[in-house]
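Please keep the sequence and the structure in view while reading.

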Amino acid sequence: MTLYPWLVPIYQQLTHTFLQGRGHHALLFKTEVGLGTEQLISQFADWLLCQMPQGEKPCHQCKSCLLRQSGNHPDFHLLAPQESKEILIDQVRELNQQLQTFAQQGGNIVVYIQGADKLNEASSNALLKTLEEPHEGVYFLLEAPIQDAILPTIQSRCQTYLITAPKVDSAMQWLAEVCPNTSFETRQIALNICHQRPLICKSFLENDRLPVRKAFLQTFWQFLKTRDVFLLYSAFDKERLFEQLEWLESFFTDSLKAKMGIQHGWINTDLGNAIPIFSQRFHAPLLLEGHRIVQQTQRDLREINAVNQELMLLDGITKLVMTLFG
């Protein structure tokens, strides 16, 4: 597995720290989405479990490496949110029970906790004692979105790494290699729209999403004229709600910047004519409230369990109409 280039320095820092005997037993990776952080954690787990590491790389040949490649390593444990969107206390109790035994391969034990922000209070408390008093050779690798809070009792027992978007030049160079049939200008526009996240931008370009975004925002423009809630609602693709809501959020963000006379740092650099027109139609407090409603709709869709997504989306659009047009 070849690491994405923007993750290589972090991986090297991790392995160097451990090779110097200064490795922490619990690492928390606070990450933006679309950066491949799961690949970084997986490769570092490979290295920790390898019986004959070659410097900063796993050997890929020992029994432990072969078990990892087959997805059946008995000393690698994955903890992830269930359908309830939470990591439940029963999951943690089962993990704690498994950690009472010695490593079956005679080496380290690695626990990968995906979505560590989804640990509720009960499951966090169940995990806490294990984090406080770990057995030798047991390592916890926790992953969580950079914007979401982790319970202080958990975070305080971890060494935290922040994984943020790479520099634009680095991302553009990588995109030119993986999407060679796109123009420089198209890659630049797409990278801005995708908030400098290379993997999301790659998917955006490969699936030719620029025309789709244009059509969606044209429908939003018609919605502003007609105030027809169902017109905008029908433009949403239920499989891509978050992407489309992100387009709306960035449109409001740029409109607020235009309202304040800020001409740099726009996300939608290809909409230089439409955004000033939109910003002139509404006072800044209304634009700010519209932005907040879009963000809240995203948050509700992501966090609230067992609720009809279509109704939540419809509620958000209705609030947008009431806010903008009173």
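## Cysteines

Cysteine 158 has a relative accessibility of 10% and therefore counts as buried; the term buried denotes under 20% relative accessible area, exposed over 50%, and partly exposed in between, with a 1.4 Å probe and protein chains only. Cysteine 179, at 5% relative accessibility, also counts as buried.

How many disulfides does the structure hold? The structure holds 0 disulfides. A disulfide is a covalent bond between the sulfur atoms of two cysteines, and here the term is applied to a pair of cysteine sulfur atoms within 2.5 Å. The cysteine sulfur closest to that of cysteine 179 belongs to cysteine 201, and because the distance is 7.0 Å, it is too far for a bond.

## Basis of the model

The model is predicted: local features need pLDDT of at least 70, side-chain atom pairs count only at pLDDT 80 or more, and totals for chains, interfaces and linings use all residues. Residues are numbered from 1 along each chain as its sequence is written, and side-chain values use heavy atoms, with hydrogens and water left out.

## Overall architecture

The secondary structure of the protein comprises 15 helices and 5 strands. These elements are DSSP runs numbered from the N terminus, with helices (H or I) of at least four residues and strands (E) of at least two. Along the principal axes, the C-alpha atoms fill a box of roughly 70 × 45 × 30 Å.

The protein has 326 residues, of which 47% count as buried. Among the contacts (heavy atoms within 4.5 Å) with a separation of 6 or more, 71% are between residues 24 or more positions apart.

## Packing of H1 and H2

Helix H1 covers residues 8-19 and helix H2 covers residues 37-49; they pack at an angle of about 25°, and their axes are 10 Å apart. Axes are lines fitted to C-alpha atoms, for helices over the stretch in contact, and angles run from 0 to 180 degrees between N-to-C directions. H1 and H2 are therefore roughly parallel to each other; this description applies to angles under 35 degrees, whereas over 145 is roughly antiparallel, 65 to 115 roughly perpendicular and the rest oblique.

Which residues of H1 meet H2? Ile10, Tyr11, Leu14, Thr15, Phe18 and Leu19 of H1 meet Leu40, Gln43, Phe44, Trp47 and Leu48 of H2. By class, this contact has 9 nonpolar, 2 polar and no charged residues. Ala, Val, Leu, Ile, Met, Phe, Trp, Tyr, Cys and Pro count as nonpolar, Asp, Glu, Lys and Arg as charged, and the others, Gly among them, as polar.

## Two histidines with positive phi

Most residues other than glycine have a negative phi. Histidine 60, although not a glycine, has a positive phi of about 65°. Histidine 60 belongs to the loop between H2 and helix H3 (63-70), and its relative accessibility of 42% makes it partly exposed.

Histidine 195 likewise has a positive phi, near 55°. The loop between helix H8 (184-193) and helix H9 (198-206) contains histidine 195, which is partly exposed at 28% relative accessibility.

Asparagine 120 lies in the loop between strand S3 (109-113) and helix H5 (121-132). Its C-alpha atom is 7.1 Å from that of leucine 88, although the two are 32 residues apart along the chain. Beyond its neighbours within four places in sequence, asparagine 120 is in contact with Glu86, Ile87, Leu88 and Leu151.

Proline 211 is found in helix H10 (residues 209-226) and is partly exposed, with a relative accessible area of 46%. Proline 211 and glutamine 91 are 120 residues apart in sequence, and their C-alpha atoms are 44 Å apart in space.
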